[in-house]
Amino acid sequence: MFDEIDAHAREAYPEECCGLLIATGEKKVVDCVRMKNEYPGPKQDRYHIDPLELYRTDRAASQRGLVVAGIYHSHPDYPATLSRFDLDHAFPWYSYLVVSVGRGGTNDRKSWTPNEKRTRAAEEPIEVVEG
Ligand SMILES: [Zn+2]
């Protein structure tokens, strides 16, 4: 899964890429779906996902007994932290996976869960399961 997300981040560089994380109810990510970065301005440090696309993907996931558990996006030449802008636009029920990407490829990735008021986000451990 990370290979797919890393590839997306490298392809989009120097712009941000974004996508959805499809998971089981236990938050085990089993699939990722690329989304188009619909942000109308410069895409180097912003991304926007079309709500209709999100809704469609969510519906398709639930037909497979799965859920959209989170959103991933890349930070070109910037650390894998959740920015103020990210937090302001976050949904508290999703996990936010941020991938730091530079000219030479991806560097780091961190997952964040915003609190209810979107004032801060806690880092969430990422466990890689084989198979
Ligand atoms: Zn961001």
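The largest nonpolar core of this predicted model has 23 residues, and Leu-21, Tyr-72, Tyr-96 and Val-99 are those with the most contacts inside it. A nonpolar core here is a set of buried Ala, Val, Leu, Ile, Met, Phe, Trp, Tyr and Cys residues joined through C-beta atoms within 7 Å. A residue is buried if 20 or more other C-beta atoms lie within 10 Å of its own, exposed if 12 or fewer, and partly exposed in between, with C-beta atoms placed from the backbone. Two or more residues of this core come from each of helix 1 (2-12), strand 1 (18-23), strand 2 (29-35), strand 3 (67-76) and strand 4. Strand 4 gives the largest share, five residues. Helices (H or I, at least four residues) and strands (E, at least two) are DSSP runs, numbered from the N terminus. In soluble globular proteins, nonpolar side chains tend to be buried together.

Residues are numbered from 1 along each chain as its sequence is written. As the model is predicted, local features need pLDDT of at least 70 and side-chain atom pairs count only at pLDDT 80 or more, while totals for chains, interfaces and linings use all residues.

Strand 1 is mostly covered, with five of its six residues buried. Strand 1 pairs with strand 2 in the antiparallel sense over six bridges; two strands pair if DSSP finds at least two bridges between them. Within this pairing, Gly-19 has Arg-34 in strand 2 as its bridge partner. The two strands form a hairpin with five residues between them, and Lys-27 in the turn has a positive phi of about 65 degrees. Strand 1 also pairs with strand 3, in the antiparallel sense and over six bridges. There, Ala-23 stands opposite Val-67 of strand 3.

Tyr-96, one of the core residues named above, touches Gly-70, Ile-71, Leu-82, Asp-86, Ala-90, Ser-111, Trp-112, Pro-114 and Ala-121, leaving aside residues up to four places away in sequence. Contact means that two C-beta atoms, placed from the backbone, lie within 7 Å.

Val-101 is found in strand 4 (residues 95-102). Val-101 counts as buried because it has 27 C-beta neighbours inside 10 Å. Its contacts, not counting residues up to four places away in sequence, include Ala-9, Arg-10 and Tyr-13.

Gly-104 lies in the loop between strand 4 and strand 5 (105-114). Gly-104 is exposed because 8 other C-beta atoms lie within 10 Å. The C-alpha atoms of Gly-104 and Arg-10 are separated by 8.6 Å, although the two residues are 94 residues apart along the chain.
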